[in-house]
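Biologist: I would like to learn how to read strands and helices in a model. Could you walk me through a few features?

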Amino acid sequence: MLLPGVVVCWIHLFLSHGKAEGFVHSNGVSRARFLLNVEDTGQIKEKQASEVEWDSCFSKKRRRILLSAITSIIFGGQVNALECDDGGIVAENSVPGAYQQICMSLQKRSIRLKSTGETVSVLQGTGEDGLSGGNSKGSVTGRTGVALWNSGILLTRLLDEIAGRERNIFVGKTILELGCGTAMASIAASKLGANFVYSTDGNEEVVALAKANLELNVIHRGKAAYLKWGSLDAVDYYDIADIVIGSDLTYNSGSWGGLAETFESVLKPNGIVIYLTLGHSGFNLEGELGGFLTLVESQGTLEVVKEGSPSWPFPSIPSLNQLLYASLTSKEREVVASTGGFKSVILRKKRKRR
């Protein structure tokens, strides 16, 4: 039985090292966290038990079963930690002023690109390697950009699905991601053939995390950069991008104007924006995206590219939303439906009529 083994191992580690505080899960390997009593000074120090000792207690399979059991208890049985594997879409829990999900507690998340077979792995801001925002426990609470959100995974999957049908769509292109967070989508774009990627965000901590993730994935032709939204702030990136990508950027109506200006500023004359937004409990997805597109139309510099129109950039893909939906598992479809669904939209610079 698993439970007796858990108890025996936990008691062993407790007696050997001091007061057990909890679990940290990193890249599929569980570690125990302890407060050690240092006999010669009387100080309390924090230390992780070695993976060797932990491995001696559990096989990899038993560790993962244990983690799933613990997280199911913590999250009311609503989520299985194994669902975080390979870029899984997992249900969120509402907390005061924000949302959370169990996958955000992991130090690293990964997704395998179907069209190339390559894997994208990204750190989240939960580690003790300088990327935890000065928070010793590595909590992502109040630090939205350092966690990988479902919308970022969906955008990454969408790029992968597009590349699987339009083989050269990203090859040789310059891709710029706005509000990059962990930079998973822009890293994926690089692995899908982009010539150069810019992972940009308006938060310095997030930019540092994006830089670390570019290095982790050995992206030599890429740069993590600080970029606030607005035409003046984007002047250094004027007409630089063949494709701009982004997800969940329109939840704050106060930022719509600056976002639209940035899209228009950084896009090359024939460039496109691939944008995806996912609902959250308490948010009106249709109202959010509809409001932003109404503002875009009023500004007169960008326009929506309609599916099936002569300017539609993906001849072999009738609908991006249907393409992405087909890639979801039945469980993921339930999760997405509970949020109000997702929408993708393609934008381009408005053509001057003669």
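Biologist: Which residue in β14 is the bridge partner of Leu302?

Modeller: That partner is Lys349. Keep in mind that this is a predicted model.

Biologist: What other strand pairs with β14, and in which sense, parallel or antiparallel?

Modeller: Strand β12, residues 267–278, pairs with β14 in the antiparallel sense, over 7 bridges. To follow that pairing in the viewer, look for Ile274, which stands opposite Ile346 in β14.

Biologist: How should I think about side chains along a strand?

Modeller: In a regular strand, side chains alternate between the two faces of the sheet.

Biologist: Now for a helix. How many residues does α4 have, and what is its reach?

Modeller: The general idea is to compare the end-to-end reach with the expected span, at 1.5 Å a residue. Helix α4, residues 150–165, has 16 residues and reaches 23 Å from its first C-alpha to its last, close to the 22 Å expected.

Biologist: Is α4 enclosed or open?

Modeller: Largely enclosed by the rest of the structure, because 14 of its 16 residues are buried.

Definitions and conventions: Residues are numbered from 1 along each chain as its sequence is written. This is a predicted model: local features need pLDDT of at least 70, side-chain atom pairs count only at pLDDT 80 or more; totals for chains, interfaces and linings use all residues. Side-chain values use heavy atoms; hydrogens and water are left out. Two strands pair if DSSP finds at least two bridges between them. Helices (H or I, at least four residues) and strands (E, at least two) are DSSP runs, numbered from the N terminus. The expected span of a helix is 1.5 Å times one less than its number of residues. Buried means under 20% relative accessible area, exposed over 50%, partly exposed in between (1.4 Å probe, protein chains only).
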